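My notes are below the display.

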Amino acid sequence: MRADAQRNAEKLRSAAAELFHERGLQVSLKEIARRAGVSHGTLYNLFGTREALIDEVVTGLAAARLDEAAEQALARDDAWDGFVYYVERLCELQATDPAIGDVVAGRYPGAARLMTLCERSRASAESIVERAQRSGALRADFTGEDLLFVLGTNALLSRAAAEVAPDAWRRGLAFVLDGLRTKAAHPLPTGPLTSQELYEVMGKLTGTP
């Protein structure tokens, strides 16, 4: 890559990182190019697609944060505390960084590295859920799909309340967590979502085709 192309690529990475953090991964590519001070065509010439730019700019940072959350949760002696830590940490990331919220939702299946991260995060989440269930603290009918549904709902509500009540998600999540304790469990009125149903629901929630 020529020196001028390298400079433009770095400008685009920096602009994309800023705008993704401010508004999420759906931000206009034209706006990214404009903030970087380059043409829209330059962005496409250097990165090709939104998914390629996301993989270049977001995936590494998101991986570090999500992996750390899982590691910290599994390192806790008390399995329930680890579960609560993990859910609260992911909800906090969603509330404070729209890009991470979109990553957790798996919004861009065309971003290969991002999807690999999502699969790894899902496996970690299942381990955390199963550990809490084996301890007897987390209700046995809670599934990985239920967790993703909770996170998807939190992402939407925390983003909508960001300017008015930025910590409102904490109250809502506290109610949810109390309801997930085994001692609070009652028979549920319907079964959990299947993976396919969850995929379709999350697509509608996030506007992903």
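Basis. I am working from a predicted model, in which local features need pLDDT of at least 70, side-chain atom pairs count only at pLDDT 80 or more, and totals for chains, interfaces and linings use all residues. Residues are numbered from 1 along each chain as its sequence is written, and side-chain values use heavy atoms, with hydrogens and water left out.

Entry 1, H9. H9 covers residues 144-160, 17 residues in total, and spans 25 Å from first to last C-alpha, close to the expected 24 Å (1.5 Å times one less than the number of residues). Its buried residues (under 20% relative accessible area, 1.4 Å probe, protein chains only) include Leu151, Gly152, Asn154, Ala155 and Ser158.

I found H1 (residues 3-23) packed on H4 (residues 50-57) at about 90 degrees, axes 10 Å apart. The two therefore count as roughly perpendicular (65 to 115 degrees). Arg13, Ala16, Ala17 and Phe20 of H1 make the contact with Arg50, Leu53, Ile54, Glu56 and Val57 of H4 (heavy atoms within 4.5 Å).

I located glutamine 94 in helix H6, residues 79-96. Is glutamine 94 buried or exposed? It is buried, because its relative accessibility is 5%. Beyond neighbours within four places in sequence, glutamine 94 contacts Gly101, Val104, Leu151, Gly152, Asn154, Ala155 and Ser158. Its side chain lies 2.8 Å from that of asparagine 154 in a polar contact (a pair of N or O atoms within 3.5 Å, one able to donate a hydrogen and the other to accept it).

Key: Helices (H or I, at least four residues) and strands (E, at least two) are DSSP runs, numbered from the N terminus. Buried means under 20% relative accessible area, exposed over 50%, partly exposed in between (1.4 Å probe, protein chains only). Axes are lines fitted to C-alpha atoms, for helices over the stretch in contact, and angles run from 0 to 180 degrees between N-to-C directions. Angles under 35 degrees count as roughly parallel, over 145 as roughly antiparallel, 65 to 115 as roughly perpendicular and the rest as oblique.
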